[in-house]
Amino acid sequence: MSSSSWSADNLDHDRFESNLKAFKKYFPDIADEFATYIPLHWQVVGNPAGEVNLFNVKHQTFLLGDNAKKESENIYAMFKDNPSRDELVLSYSGGKLSPHFHYRTRVRIQDEVKKYKTDSAVLNREIKSLLLFGIGNGYQLQCLMDAHEVGKLFIYEPNRDFFYSSLFSIDWKALLEKMDFNENSIYLNIGDDGSNLVRDFLTQFDRVGSYNLANMFLFKSYDNDVLEPTLNNLREEIRLVISLSDNFENSRYIVSHSKWTVENNFKYLLKSETKPHVLKEVPVFVVGNGPSLDNLLPVLKKEHTNAIVISCGTALQVLHKNQIVPDYHVDLEVNRSPYDWLVRINDREYLKKINLISGNGVHPDVIKAYKNAFLSLKKGESATLIIESLFREHEFVSLEYSYPTVSNFAIDCALELGFKQIYLFGVDLGFVDQKHHHSKQSGYYLENGKEYIEYTRAHDTSLTVEGNLRPIVNTKYEFKMSKSVIELALENAGEDVEVYNLNDGAKIRGTIPLELENILILSDSRKKANAVEWLENTAHQTLDKQVFEERFNEKINVSDLLHGFSLLEKVMSKPFKERADAEKAIISNRKIIIEQFRDDKPIVIYYLHGSVNYVNTALSNTLNMADDEECLELLNIIREQWALFLADASVSMQVAPYELDFISGCPLERAQIKGPEYYKGHRLAAFSETAAPALAKASNILGINFSYFSKNCGRLRIEFYKNGLSFNSLKEEKLCLIVTSQGDLKKLLARDSNALLLYLPQYFNDENYDLGVFSKKDNYVFFIALLAATCSDSVKVVVPKLLEKRPLDVLSEHLTEFASLSTFISYESHYYTAFSKKYLSEKEMVNGVDERFRFLPSIREENLFLAF
């Protein structure tokens, strides 16, 4: 058949009208758009046999050959023979958050999954979910739907001309009616450049349970320069979103921290009907820690008195070095690690001049480091839903574009407050030189200018985007996502908002590129003071803590959550004997958290939605294995790991429902600052008769020289315990005994002495452990002793953690060495596990060197080594 046979006259207009009528019923917006649609680049043509093709007007070429339908059917046949399933949600292990029960469980499950052979995907008659990337002329979709029943079908076609052609080629009416009759779902994304795809995609999956991603097939029906980068972007953004997504600990600590802020009278951002004119005149400087900050510091120094300066994250270190005091600082992380960065600044007076602006879940220890804190709700978070439901008389501002970086929060907050001039300093979101990825004056670099960590090893910085002041810059996925979210925020801001991008980084659509020499600030300190007054005393308001306490205790009941745990435990209590048992468990898990919400017990879904989704994903993915025996074996391993999670999380919530997060960011650096402070402040000098060199090395690592201490100081004696030797400490002495055998530990515990016992289990006898900066085991042990000696007297025993990870099956053999401590209550810090005869008070949960503990329901293998 020759190309001359293709003509618009051969198109089936009856089919087109029938399809439009069906779309009018199911997707009226699509019907309205394409009823009078005129193709832009591709002319839709047909041949006498009724087949449909596309003709590129510019290049005078056809998309397909003379056998257009057969070619499309061959594309489907190739997919059927080699179907692709993307595992998008299982690989994130939490990083520094790995000690959390949720991530500990993820890592355990992932390690088990790796032991099993990954089967090639098989395309059965019934497909649970499928993403069709590109319709082409439609025939691939027709083949797919004729051969399979798809439970959840997602179709992405960026080219409207292609979708328009499918209205002539395939029977959409029958397809839509079939999906409707079978109660299946279809999602269409037509003509989008990919910018809305991730959000829409995840929204759709969240409605049905994101664990369904594990069963999703990916059918890419053609290649072009739009589909491939969009697909790669989808993969990476989903991974990033999932790394930021909710889970048990994230929800738990956001709620705990938010509860603390309301009870301690910190103000929240409320919607204002009227806003002062001064907001139009006073600029906001959003200061990130990008490489451009180094060249912009002179402008900040000159103009900071005339503008509101908001520093973000680690940019504060740079401002401190340059004697610039920002008006506000943004720290967002729910975990405690930002506190360690603040300690590294080592200037308490400086921090007390600065106010914090943050989300409601920020850590209380971070808040207490600043002068004051002004908080905003973040859309969709569990604590946001709780606070909004408890204070319906207030209209809260709920920030929608405040992720994934602190700069996003600062920009979104400034826009919501109503400021009209925003200048971006160091918000590069990209870099010209991959070795210069942040300000050289920040904690990312050593004093000699070398990197603190090799950034390109830790992050993929190979992506390129359009530059702000040059054609192209490098970036990473998190920054690319940050850029996209800022652009969304600006799209939804008023037309009178002007955002100036001063950075030699990524171009941000909606901002105005501005060279350093063209900055013109017309505001003054008086106008700034008026804006600050309104921001702090009108825009932000305290919430009635008595009302909060009454409503919170009535609505958010821990006993409801414990009941939810028990229901979930029951689902997984019996071994799976067949695949159907696991499939029922998946449905039951989701059903439980939804039914508890409908029964007015929202705490269950608030706390457990993310973690339940994860285990359902892991189970769903395992069900794809072909070998029945291996499949059931792995399913039961996942079931057992989930049971451990439920047991530990349940007991933790029962004993310490509102404890604060304990994650460390820079534990050694914090100890090197807080250790000398504690020992000098308490006038306490350590000594040892049995291991003076080890004490000297450990104290040197901490930056303490006890030889300079006065002879009138209190004394801390640290000794290795040996049978037959007695250590009778004087009243002014505090005694720490290092114990190396279970027998000696039992003996000393029976005496019930006042000495702090530092117990070294048998696994510390392995001489092959890497002891890093400590060189020798004794040096490390004395370092732990110096930290642990700053705990309250309630702590009776501490057990150091190993400095390197060992296989769990090896470590499990040593758990019996903790048997003599079974009557104690256990807690953990970054460096060691602590044992007490009573529950620690909130004051006792932080020791003298600012280590924060968390309650441990039981000792697991992961508690024997440091988190990395």
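At roughly what angle do the axes of helix H4 (residues 101-113) and helix H25 (residues 628-655) cross? Before you select anything, note that this is a predicted model, where local features need pLDDT of at least 70, side-chain atom pairs count only at pLDDT 80 or more, and totals for chains, interfaces and linings use all residues. Residues are numbered from 1 along each chain as its sequence is written, and side-chain values use heavy atoms, with hydrogens and water left out.

**Stop 1: two helices**

Select 101-113 and 628-655. The axes of H4 and H25 come within 10 Å and cross at roughly 170°. That makes H4 roughly antiparallel to H25 (the label goes to angles over 145 degrees). The crossing of H4 over H25 is right-handed, meaning that the near helix is turned clockwise from the far one by less than a right angle. Axes here are lines fitted to C-alpha atoms over the stretch in contact, with angles running from 0 to 180 degrees between N-to-C directions. Helices (H or I, at least four residues) and strands (E, at least two) are DSSP runs, numbered from the N terminus.

**Stop 2**

Now go to 42-46, which is strand S1. The open sheet here has the order S1-S2-S3, with antiparallel pairing; two strands pair if DSSP finds at least two bridges between them. S1 and S3 (61-62) are the edge strands, each pairing on one side only. Two bridges join S2 (residues 52-56) to S3. To see one, pick asparagine 56 and its partner in S3, threonine 61.

**Stop 3: the eight-stranded sheet**

Next comes an open sheet of eight strands with mixed pairing, in the order S22-S23-S24-S25-S26-S28-S27-S29. Its edges are S22 (684-687) and S29 (854-856). Neighbouring strands are turned by 25° against each other on average, direction ignored. Zoom in on S27 (residues 825-828) and S28 (residues 832-836), antiparallel and joined by four bridges.

**Stop 4: the largest cavity**

Finally, show Ile308, Ile310, Tyr328, Ile357, Cys413, Ala414, Leu417, Phe419 and Leu535, which line the largest cavity. A cavity is a set of points on a 1 Å grid over the protein atoms alone where a 1.4 Å probe fits but cannot get out, and lining residues have an atom within 4 Å of a point. The volume is about 60 Å³, and the count is five cavities of 30 Å³ or more. Helix H17 (406-417) and strand S11 (308-312) each supply at least two lining residues, with H17 giving the largest share, three. What classes turn up in the lining? Nine nonpolar residues, no polar and no charged ones.

Terms used: On a 1 Å grid over the protein atoms alone, a cavity is a set of points where a 1.4 Å probe fits but cannot get out, and a pocket is an open set with protein on both sides within 12 Å along at least five of seven lines; lining residues have an atom within 4 Å of a point. Grid points are joined across faces, edges and corners, and a volume is the space filled by probe spheres set on the points. Ala, Val, Leu, Ile, Met, Phe, Trp, Tyr, Cys and Pro count as nonpolar, Asp, Glu, Lys and Arg as charged, and the others, Gly among them, as polar. Angles under 35 degrees count as roughly parallel, over 145 as roughly antiparallel, 65 to 115 as roughly perpendicular and the rest as oblique.
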